[in-house]
Amino acid sequence: DAEGNYGEKIINLEVIAMPTSLTLTLNTANAAPTEIVTAAINLLDQAGDPIDTSVEVKVTDNKNKIINTQTIKAGTTYSYTIPEGTMPADWKIKTEAYGLTNEVLIRIKEQQKLNVELKGEKLFINNTGNVPYNSFFEVIGNNIKTGKQLKLKIGKTMELPLNSLFKDGGTYNLEIPIDGKKYENVKVSKAKGFFGTITGTVTAN
């Protein structure tokens, strides 16, 4: 002051963190049924520093119906498995916290998928994909490639006798390329001829 006196005082100011940014980053923009989608979610303050709090995450379908909802910690990763058989469509993942929102589109891809089981001398083929199967179904037996053109609706199952593919019969090591399954030493009966199928055994007079 005018008398030559002076003083010093330290004032500690606490800056309150104010949420200003809510980010949501997906591992992929396209996913097929049974695939896992992850979302990294961060809540930042005015200085760009992370805020340790909870955020809400929702998954909605193309009709805006809530499919899944969770509350997680900001700064962590949310994960969700697309259910088997989910139809191709555009879904959304949305997060909310402190009046902030963010949402990202995720596209459910077409999936052509078959589940194949061997029972006796028949293959039971089930369409577990999300689109009708209209393609060639390949079977490999003892390194011989064969198969059949199939038309199979979603969720439907059909039977395929092995002797319709391997008409001479015998013992086969089978491989189903579409699902990677292998079967060893499968016995296949010889296919019956036309007359044997309709009238039984044909004998001479």
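**Two asparagines in loops**

Asparagine 64 lies in the loop that joins β4 (54-60) to β5 (66-73); strands (E, at least two residues) and helices (H or I, at least four) are DSSP runs, numbered from the N terminus. This is a predicted model, in which local features need pLDDT of at least 70, side-chain atom pairs count only at pLDDT 80 or more, and totals for chains, interfaces and linings use all residues. Residues are numbered from 1 along each chain as its sequence is written, and side-chain values use heavy atoms, with hydrogens and water left out.

Most residues other than glycine have a negative phi. Asparagine 64, although not a glycine, has a positive phi of about 65 degrees. Asparagine 64 is exposed, with a relative accessible area of 59%; buried means under 20%, exposed over 50%, and partly exposed in between (1.4 Å probe, protein chains only).

Asparagine 143 is found in the loop between β11 (133-141) and β12 (144-152). Its phi is also positive, at about 70 degrees, although asparagine 143 is not a glycine. Asparagine 143 is exposed, and its relative accessible area is 74%.

**A charge over a ring**

The charged end of lysine 119 sits over the ring of phenylalanine 124, 5.1 Å from the ring centre. The criterion is that NZ of Lys or CZ of Arg is within 6 Å of the ring centre and within 35 degrees of the ring normal.

**The chain as a whole**

The chain has one helix and 15 strands. Of its 205 residues, 31% are buried. Among contacts (heavy atoms within 4.5 Å) with a separation of 6 or more, 51% are between residues 24 or more positions apart.
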